[in-house]
Amino acid sequence: MILAQVIVSGLLLGAVYALFSSGLTLIWGMMNVVNFAHGDFVMLAMYVAFVAYTLLHLPPLVFVPLAAALLFLLGLFVYAAIIRHVTRGPMLAQILSTFGLALLLRYTAFWIFSANFVTLPDTLVGGTVAIGGLRLQAARLLAGAVALVLTVGLHLLLTRTALGSRLLAVAEDRAAAQLVGIRPDRMQGLAWGIGAASTGIAGALIAMFYYISPTVGESLALIAFVTVCLGGFGSVPGALLAGLAIGVIEALSAYLIGAVYQDVVVYALFVVLLWFRPQGLLGQA
Amino acid sequence: MPPEPLLEATGIVKAFGSFRAVDGAGLTVREGEIVGLIGPNGAGKSTFFNCLAGDTQPTAGLIRFAGQEVTRAPADAHARAGMARSFQVPVTFEDMTVLENVMVGAFLRHPHRRDARERAREMLEVTGLARQAEARAGGLGTPGRKRLEIARALATEPRLLLLDEALAGLNPTEVRDAIGFVRGLHARGITLIVVEHIMEVILSLAERAVVFNQGKVIAEGVPRAVVDDPAVVEAYIGRSLAGRRLRRRRNPP
């Protein structure tokens, strides 16, 4: 029974990993740019939730969409102000630009919020929910469920709508997309907006039960990179599967071996998988 | 007053360094015409064609299409304004299916998925690709991908279609079929500009031929009259391949 409890809470956190990782995979899939600031986007969203709650007393129902909207705008801005220009430059410029952005965001957070760890009160979405003998923290259940629905929603957006077709068309061939009247810059900007909004929602959701600090983005970025590699670059279903798997592996190894070793197990399994399947679970060779 | 022409290009110059690939060329196309662009290799017709389509920005000149100035507009603005093109080497979304390729085109005028799919299926019928709808585009041969490119272009519902050597590499039977196909497009009300090396195609298809040489338009008119123009004959002679083809055409058996 405890094992089931561990697995389910792993799945719930994994769904949140899947959500922000699918934003990373979308940006990569659209333009082959790795957003090294992705984890710091999540960190910003967590602070949006923190400020919205502590200063303005806004409930999650308000601060989650608020974080999504603000991060969406940040994504658009980063694309228009930085990425659009550096993609014409050498590969190294692209890598360093998002890496520099990560540092800028991280140290701005240090400056404003100091290095202290903060948390939102766990009464925010209080209590536990009992489902079939499992007792789940309501905040985690909410976060996992919302993240799962939105990740699946992103996949449906990409595969079932005109907008999704346009995004995929630009992802595959910018010049060919232009031939059918698609503005590639708009689509790539939108991909950054959506990718960043996914971190906005994910960050605001985990802020309800996770510690918040200026460096939290570092470990979350690593999780996102592993998730994207594991799932296959550019694949949202892959990110979903990999995110859930990593959530469960983390939770199981924390339970069976000890919380200190959970990262070791995740990365060891990751290296082993890459050995046999370098394109990831659902990636194309 | 006659209606405004669909396409009007004046004084087009495209310079690469000190070399002027297009040197003051112009073209006016009225709605419903089929215009052929011909000329020896390196005459600048392809560069001119790319300027019209928005794939290359002219160094100087003015291009108006359907009442708007599009001289420096990108290719996507041309598509939205109602101009579509094909390439000598077809450009398709290779990882998508044939149907998906055409649907991406249809979304330009039909934002709803069901309408777009219906429109795309129609275009696959027109281009004879209906049976390959679910095949991966990258798996089609070059002739198939040329058809696919045209199907996708048609799905954007263009008023003007630019065909760049669409018939190159086809055997005589396929060329005959393709000529019939292009006539069919014209019958649907689409204005056409056709760049073609094969003189037969221009003679049997175009209502008007525009001859390029050294970046300039050296002759223009009814195809059969144009090929007899001394300036045109001179432009082709000495360019052995094109010259032979032209002479053969002028002395029918």
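**Exercise 1.** Is the crossing of helix 2 of chain A and helix 9 of chain A left-handed or right-handed?

*Solution.* This is a predicted model, in which local features need pLDDT of at least 70, side-chain atom pairs count only at pLDDT 80 or more, and totals for chains, interfaces and linings use all residues. Residues are numbered from 1 along each chain as its sequence is written, while chains are lettered from A and ligands numbered from 1 in the order in which they are written.

Step 1. Locate the helices, which are DSSP runs of H or I with at least four residues, numbered from the N terminus (strands are runs of E with at least two). Helix 2 of chain A covers residues 38-54 and helix 9 of chain A covers residues 216-231.

Step 2. Consider the axes, lines fitted to C-alpha atoms over the stretch in contact, with angles from 0 to 180 degrees between N-to-C directions. These two axes come within 7 Å and cross at roughly 130°. Helix 2 of chain A is therefore oblique to helix 9 of chain A; angles under 35 degrees count as roughly parallel, over 145 as roughly antiparallel, 65 to 115 as roughly perpendicular and the rest as oblique.

Step 3. Assign the hand: a crossing is left-handed if the near helix is turned anticlockwise from the far one by less than a right angle, and right-handed if clockwise. The crossing of helix 2 and helix 9 of chain A is right-handed.

**Exercise 2.** Describe how helix 2 of chain A packs against helix 4 of chain A.

*Solution.* Step 1. The axis of helix 2 of chain A and that of helix 4 (residues 91-113) of chain A come within 9 Å and cross at roughly 25°. Helix 2 of chain A is thus roughly parallel to helix 4 of chain A.

Step 2. Residues are in contact if their C-beta atoms, placed from the backbone, lie within 7 Å. Helix 2 of chain A contributes Asp40(A), Met43(A), Leu44(A) and Tyr47(A), and helix 4 of chain A contributes residues including Leu105(A) and Phe113(A).

Step 3. The crossing of helix 2 and helix 4 of chain A is left-handed.

**Exercise 3.** Which helix of chain B supplies the largest share of the side that touches chain A?

*Solution.* Step 1. In chain B, 21 residues are in contact with 16 residues of chain A.

Step 2. At least two residues of that side come from each of helix 2 (75-81), helix 3 (98-106) and helix 4 (113-126) of chain B.

Step 3. Helix 2 of chain B supplies the largest share, four residues.

Methods
Contact = placed C-beta atoms within 7 Å.
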